[in-house]
Structures are given as C-alpha cells and as structure tokens.
Amino acid sequence: MHKAYLFDLDGTLVDTAPDLHNSLNHVLAKIDQGPVTLNLARHWVGHGARAMITNALVDVGVNGASEETLDRLHEVFIDHYSNHIADLSRPLHDAEALLQRLTAESIPVGVVTNKRYDLSYDLLKTLDLYRYVGVLVGGDTLQVQKPMAEPVLYACNELDIDPRHTLFVGDSITDVRCARAAGCQVAVVRDGYNQGVPAESLGADRVFDSFLDLI
C-alpha cells in the first residue's frame with residue numbers, strides 16, 4: 001500500500017460522460033444541430049469542454065467556428081452542466097469502496113484534475129465523495145495543468161507526502177505523463193476515458209479493473 005493516493009476525476013473516480021454528453025447536445029440543440037452519440041462524447045472527454053464542443057461541431061458538419069462562437073457555446077455548456085452536474089454521473093465501479101478503505105486506514109487522498117475547481121468541487125460534494133478528499137487540485141488551481149508535474153507536486157505538498165511514495169490513479173496518457181514528471185507511480189483503469197487508446201499501451205506501472213486491487 002502506498003502512503004498516499006491521488007486520483008484523476010472524469011473517467012477515473014466518476015463516470016461523468018452521460019452528463020457531459022447531455023450538456024453537449026444541449027449546446028448543439030441551441031444552434032439546431034446534433035445530437036451526437038454518447039460513445040463519441042466519451043472519446044472527447046479529457047481535453048476540456050471547449051474541445052468537446054469543437055469536436056462535436058465538426059462531427060455534425062459545422063467547420064471553422066469562430067472564437068466568438070466557441071466562447072458563446074462554451075458559456076451555454078458550462079451553464080447547463082453546472083446545473084446538471086450529477087444527474088447521471090456516478091462513481092466508477094468500486095471507486096468509493098477504495099476511498100472508504102483508504103480513509104479507514106488514514107491514508108491521504110487527493111484529486112488532481114484538469115476540470116475547473118468549482119465544477120470538480122460541486123461534483124464531488126453532490127456525490128458525497130468530497131469527504132474522502134484531503135486536497136483537490138482543479139484545472140484552474142495553478143497556472144499549469146496536467147500533464148505538467150506541478151499539479152501533482154502541489155497536491156503532495158499539501159498532503160505532506162513524498163511523490164515517490166504516492167500512487168497516481170488515472171485513465172489517460174495525460175495522467176501517465178503527469179505522474180512520471182512528478183516522480184509518482186501510476187495506475188490506469190482499463191475502461192476509463194483514454195480517447196480510444198488501449199490502456200495497456202499508455203505506459204503505466206499497472207492497468208487495473210477493480211479499484212480494490214490497488215491496495
């Protein structure tokens with residue numbers, strides 16, 4: 001067992017794709033386009049709402065949207081998503097069981113995500129997961145995001161834990177690169193949001209199906 005565990009959020013701790021998908025289709029409906037499928041939305045999660053919108057517009061045949069248009073659609077997306085942040089989102093598999101075990105063993109837990117801090121906090125609070133979290137690092141907490149090392153190093157500093165004794169748990173190449181840069185070991189969940197890249201090819205120390213295999 002490691003001395004601390006850090007987790008990615010979307011696609012790792014929580015299956016957020018259904019609510020992100022609904023907000024994406026809400027945006028498309030506002031411009032009389034769409035919808036796009038949930039499977040496509042799952043592939044687009046991980047690079048931010050703006051990237052999801054851009055990908056969806058291309059998918060429905062709207063190419064070359066202006067920055068002004070993307071800004072407006074992004075505002076519509078965030079407004080809808082913030083009001084429906086956990087309608088369908090649920091903890092992934094037995095993720096909460098692992099959080100409970102770690103808390104019982106007094107092992108520090110943190111969440112390091114590129115999702116905005118306020119949205120991350122609201123999601124974790126709504127799902128009653130925030131009570132397990134010793135530190136939350138959002139995409140706007142620092143001036144840089146994953147895959148840079150700083151978000152993980154910041155979390156480890158807040159938890160007073162050496163990164164070398166920390167396991168970072170994620171689902172994408174972004175998480176693996178971030179953990180490597182920070183000097184953490186890294187594990188990836190097999191069916192997370194990995195943009196269609198097989199989990200085994202991401203370069204993690206281990207690939208897992210059950211979160212309880214991590215202890």
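View 1. The model is predicted: local features need pLDDT of at least 70 and side-chain atom pairs 80 or more, while totals for chains, interfaces and linings use all residues. Residues are numbered from 1 along each chain as its sequence is written, and side-chain values use heavy atoms, without hydrogens and water.

**View 2. The buried side of helix H4.** Leu70, Leu73, Phe77, Ile78, His80 and Tyr81 of H4 are buried. They lie on the same side of H4, because their arc around the axis is only 170° (the arc is that of the directions from the helix axis to the C-beta atoms). Their cover includes helices H1 (17-30), H3 (49-59) and H6 (117-126). Helices (H or I, at least four residues) and strands (E, at least two) are DSSP runs, numbered from the N terminus.

**View 3. Helix H3.** Ala49, Met52, Ile53, Ala56 and Leu57 are buried in H3. These residues fall within an arc of 135° seen down the axis, so they line one face of H3. The buried residues of H3 pack against H1, helix H2 (38-44) and H4 (contact means heavy atoms within 4.5 Å). Gly61, with a positive phi near 95°, follows H3.

**View 4. Thr16.** Thr16 lies in the loop between strand S2 (14-15) and H1. Thr16 counts as buried because its relative accessibility is 0%. Not counting residues up to four places away in sequence, Thr16 touches Asp10, Gly11, Tyr81, Ser89, Leu123 and Tyr193.

Conventions
Buried means under 20% relative accessible area, exposed over 50%, partly exposed in between (1.4 Å probe, protein chains only).
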